[in-house]
Amino acid sequence: QVQLVESGGGSVQAGGSLRLSCAASGFTASDYFMAWFRQAPGKEREGVAIIYNGGGSTVYADSVKGRFTISRDYVKNELYLQMTSLKPEDSGMYYCAAVSIRRLNPGSWKDADRYTYWGQGTQVTVSS
């Protein structure tokens, strides 16, 4: 049974930092890409960052480039998102997601419908 469990969310002031974690179980880490998404109230879920297996290349949404860093521990099967210089517009529910490496074309990583497994989310609130 696949499980993704996020943690590390909270409330911070603008300019602050948070580190999100996602503990994965029930699948082989090397067989899946993993990504972070977020959703603010009244808005669609949007892709924040993805990390690809093998070389570990990463891709970020333009809105978070230079501020967020995605990383992964394949031994522990955990995913992380280090967030710095947080802005109020970064507020929302953050989700980790996983998809088989055979099912995702790199160009479609922001398409939430492509992902098979999702965590329950962790809330991030950034106040001005």
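**Reading strands, cores and ring pairs in a predicted model**

Trainee: How many bridges join β7 to β8, and do these strands run parallel or antiparallel?

Mentor: β7 and β8 run antiparallel and are joined by six bridges. Within this pairing, T69 has Q82 of β8 opposite it. Please keep in mind throughout that the model is predicted.

Trainee: Which strands make up the open sheet, and in what order?

Mentor: The order is β1-β3-β8-β7, an open sheet of four strands with antiparallel pairing. β1 (3-7) and β7 each have a single partner strand and stand at the edges, so one side of each is left without a neighbour in the sheet. From one strand to the next, the twist averages 15 degrees.

Trainee: What pairs with β11, and in which sense?

Mentor: Strand β2 (residues 10-13) pairs with β11 in the parallel sense, over four bridges. There, S11 stands opposite T125 of β11. The pairing of β9 with β11 is antiparallel and has three bridges, and in β11 it is T122 that Y94 faces.

Trainee: How do the side chains along β11 point, and which of them are buried?

Mentor: They alternate along the strand.

Trainee: How should I read a nonpolar core, and which residues have the most contacts inside the largest one?

Mentor: The general idea is that nonpolar side chains in soluble globular proteins tend to be buried together. Here the largest nonpolar core has 27 residues, and W36, F68, L81 and M83 have the most contacts inside it. At least two residues of this core come from each of β3 (18-25), β4 (32-39), β5 (46-51), β7 (68-73), β8 (78-83), β9 (92-100) and β11 (122-127). β3 supplies the largest share, which is four residues. There is also a second, separate core of 10 residues, with I50, A97, L104 and Y115 among them.

Trainee: How is a pair of aromatic rings described, and how many such pairs are counted here?

Mentor: Two quantities describe a ring pair: the distance of the centres and the angle of the planes. The count in this model is eight aromatic pairs. One of them is formed by Y32 and Y117, with 5.9 Å centre to centre and 50 degrees between the planes, and this pair is tilted. Y32 belongs to strand β4 and Y117 to strand β10 (residues 117-118), so the pair ties together parts that lie 85 residues apart in sequence.

Trainee: Why is the pair of F33 and Y52 described as edge-to-face?

Mentor: The ring planes of F33 and Y52 stand at 85 degrees, with the centres 4.9 Å apart, so the pair is edge-to-face; the term applies because the angle is over 60 degrees. F33 is in strand β4 and Y52 in the loop between β5 and β6 (58-60), so this contact ties together parts that are 19 residues apart in sequence. F33 and Y52 are both buried.

Trainee: Which residues form an aromatic cluster, and which arginines lie over the face of a ring?

Mentor: One aromatic cluster is formed by F37, Y95, Y115 and W118. The ring of Y95 also has R45 over its face, at 3.9 Å from the ring centre. R19, in turn, lies over the face of Y80, at 4.2 Å from the ring centre.

Trainee: Which cysteines does the disulfide join, and why is the disulfide called right-handed?

Mentor: The count comes to one disulfide, and it joins C22 to C96 with an S to S distance of 2.0 Å. The torsion about the S-S bond is about 50 degrees, so the disulfide is right-handed. C22 lies in strand β3 and C96 in strand β9, so that distant parts of the chain, 74 residues apart, are linked. Both cysteines are buried.

Trainee: Where does G56 lie, and how far apart are G56 and S7 in space?

Mentor: G56 is in the loop between β5 and β6 and counts as partly exposed, at 29% relative accessibility. From C-alpha to C-alpha, G56 and S7 are 22 Å apart in space, and they are 49 residues apart in sequence.

Note on methods
Residues are numbered from 1 along each chain as its sequence is written. This is a predicted model: local features need pLDDT of at least 70, side-chain atom pairs count only at pLDDT 80 or more; totals for chains, interfaces and linings use all residues. Side-chain values use heavy atoms; hydrogens and water are left out. A nonpolar core is a set of buried Ala, Val, Leu, Ile, Met, Phe, Trp, Tyr and Cys residues joined through side-chain atoms within 4.5 Å. Buried means under 20% relative accessible area, exposed over 50%, partly exposed in between (1.4 Å probe, protein chains only). Rings of Phe, Tyr and Trp (its six-membered ring) pair if their centres lie within 6.5 Å; planes under 30 degrees apart count as stacked, over 60 as edge-to-face and the rest as tilted. A charge sits over a ring if NZ of Lys or CZ of Arg is within 6 Å of the ring centre and within 35 degrees of the ring normal. A disulfide is a pair of cysteine sulfur atoms within 2.5 Å. Two strands pair if DSSP finds at least two bridges between them. Axes are lines fitted to C-alpha atoms, for helices over the stretch in contact, and angles run from 0 to 180 degrees between N-to-C directions.
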